[in-house]
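I opened my notebook to look up a few things in this model, one entry at a time. Come along and check each entry against the picture.

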Amino acid sequence: MSPSETKITTSKERVRPISGFPEWLPEYRLVELQWIDSFRKIFESYGFTSIEPRSIEPVEVLLKQGDTDKEIYSIGRLLNNNSDENEPSYALHYDMTVPMARYVAANINQLNFPFKRYQMQKAWRGERPQDGRFREFLQCDIDVVDTRPIPLHFDAEIPIIMHEAIESIGAGPLTTKVNNRKILEGFYSGLSISDTSNTIRIIDKLDKIGTDGVATMLSKDLKLTPPIIDMVLNFAEIKGAGHSVIDQIRDLNVKSSLLEEGINELEFVIQQLEKYKAGTFLVDMSIARGLAYYTGTVYESRFTEYPNFPTICGGGRYDNLVGDFVNKKLPGIGISIGLTRIFAKLMREGKIQANRKTPTDILVVHTQGAPYDLIKDTANILRARGFNVEQYHEDRKLKAQLKYAGEKMIPWIWFPPADRNGIHEVKNSVTRVQAISDPKTWLPG
RNA sequence: GCGGGUGUAGCUCAGGUGGUUAGAGCGCCAGAUUGUGAUUCUGGAAGCCGUGGGUUCAAGUCCCAUCACUCGCCCCA
């Protein structure tokens, strides 16, 4: 520990929130769990299976994709902190994709291909938190990895699954922009630009710094000539739905086999997507995705209502991510959904209805004078019938017990009789109607 | 990492130009109410005024530093 490190001393400091590490109250966690269940159901309905790889990876694995400036959290033990150099250094993963590739490589002989998996796990990034950006967040990924070439149909199916997932939690509408890296690289190399990856990186900033900013960077950083810059910019402006976009690219009359390949792929993908839902998927030549490993189709989705809010889904095709870990060429394609990002945004906008503070369906109150076993048996009968049942263990005045039920928004209150031969009553918390009932046969309604 | 904003009770905030023992509303707890949630009334608990230093007879208030939260840049889910 360095001497400059400050210590947390007051009790206030010990309990207060840490920026970028969100914590929800139970009523919101309940909603988040519903989202997770819903995602799981949809992913599984398309035949994706779950894995949960470890949260840490060797630092070298995480840095594999080239971006060494990634804000990753390294881990170490408090004791033994001046550890020997033999110990490898580990860090918390900052996404699911690279660790998934490592997992596939590690288990390649036991997995069946095409391997279709989903993962819903926390990821950690050290970037400065702000609206929609966290240091600890839940990410939901679906990916397909194969030992053979992956058919293009997956390029269309995967964003459709993602849209279904988002729709299932009522978080829409979304706008998804689609592009293909081969078009970008093919187009640029057709213009004899050598540094295609940096060109892509700069073009990706179009919506942030505008055409002038991009033109300046292309000129200064990459020494591109004005006519080439014009071509690049005009090209990046191309966007829209359907085939007119494809035609516009062809009309620019730049020739390269890679470009042609990319256009054909994109044409197929967008055709399929349009069949699913016209207008939701837009082709956009300014979409590149920052991550270096993408090689084909790329996607990026935002809330239609909040275009300036960061991307909530992103993904694409990578030809050789797993191949970095094993001596085989394994192509993959996938997408990830920023669940925490979506959740926090909707919460902030007041669009998340928390209508329960607990999963409890029924509170069995402690009727005055009733034998404890009778109350417990009543709760158990109801529980065995599939209800979530909570018992009020203390013989307090009813006012306090009912207040508790009200605060926790428990929908039903059960009143056991004072003795075994008495009659049960159940009360609806909302309507406040109370009626005679039997725990063996009662049905809510 | 770089800039802007903000730190007083659980929450929202008052506390002109420094001046006794730091306030309100809401919330919380208890009672009125010997057993069915509200309202009302009564009482109560709760604060190193973010932290450290400085100026002063005197600092919640002025100065410096620092930390935290927050908004933007970078980057991304």
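**Entry 1**

Helices (H or I, at least four residues) and strands (E, at least two) are DSSP runs, numbered from the N terminus. Helix H6 covers residues 181-190 and helix H7 residues 196-203; they pack at an angle of about 115 degrees with their axes 10 Å apart. I noted that axes are lines fitted to C-alpha atoms, for helices over the stretch in contact, and that angles run from 0 to 180 degrees between N-to-C directions.

Which residues make the contact? From H6 I listed Arg181, Leu184, Glu185, Tyr188 and Ser189, and from H7 Thr196, Thr199, Ile200 and Ile203. Contact means heavy atoms within 4.5 Å. By class I found 4 nonpolar, 3 polar and 2 charged residues there. In this scheme Ala, Val, Leu, Ile, Met, Phe, Trp, Tyr, Cys and Pro are nonpolar, Asp, Glu, Lys and Arg are charged, and the others, Gly among them, are polar.

**Entry 1: how the model was read**

The model is predicted, so to speak for itself: local features need pLDDT of at least 70, side-chain atom pairs count only at pLDDT 80 or more, and totals for chains, interfaces and linings use all residues.

How many residues surround RNA strand B? I found 48, and the closest are Arg125, Arg133, Lys205, Arg289 and Gln368. A residue counts as near if one of its heavy atoms lies within 4 Å. By class, this surface has 12 nonpolar, 17 polar and 19 charged residues. H14 gives the most to the surface, with 6 residues.

I then looked up some polar contacts, which are pairs of N or O atoms within 3.5 Å; within protein, one must be able to donate a hydrogen and the other to accept it, and residues adjacent in sequence count only if both atoms are side-chain atoms. A phosphate oxygen of RNA strand B is 3.1 Å from an N or O atom in the side chain of lysine 403.

**Entry 2**

I traced an open sheet of 5 strands in the order S14-S13-S15-S16-S17, with mixed pairing. Two strands pair if DSSP finds at least two bridges between them. Strand S14 (389-391) and strand S17 (434-437) are the edges, each pairing on one side only. Strand S13 (residues 362-364) runs parallel to S14, joined by 3 bridges. Helix H13 (residues 372-384) lies across S13, S14, S15 and S16, at about 170 degrees to S14.

The other sheet I looked up is open and antiparallel, with 3 strands in the order S2-S4-S3. Strand S2 (56-58) and strand S3 (74-75) each have a single partner strand, so one side of each is left without a neighbour in the sheet.

Most residues other than glycine have a negative phi, and most peptide bonds are trans. Phenylalanine 113 and proline 114 are joined by a cis peptide bond, with omega about 0 degrees. Methionine 409 is not a glycine, yet its phi is positive, about 55 degrees; I found it in the loop between H14 and S15.

Definitions and conventions
Residues are numbered from 1 along each chain as its sequence is written. Chains are lettered from A and ligands numbered from 1 in the order in which they are written. Side-chain values use heavy atoms; hydrogens and water are left out.
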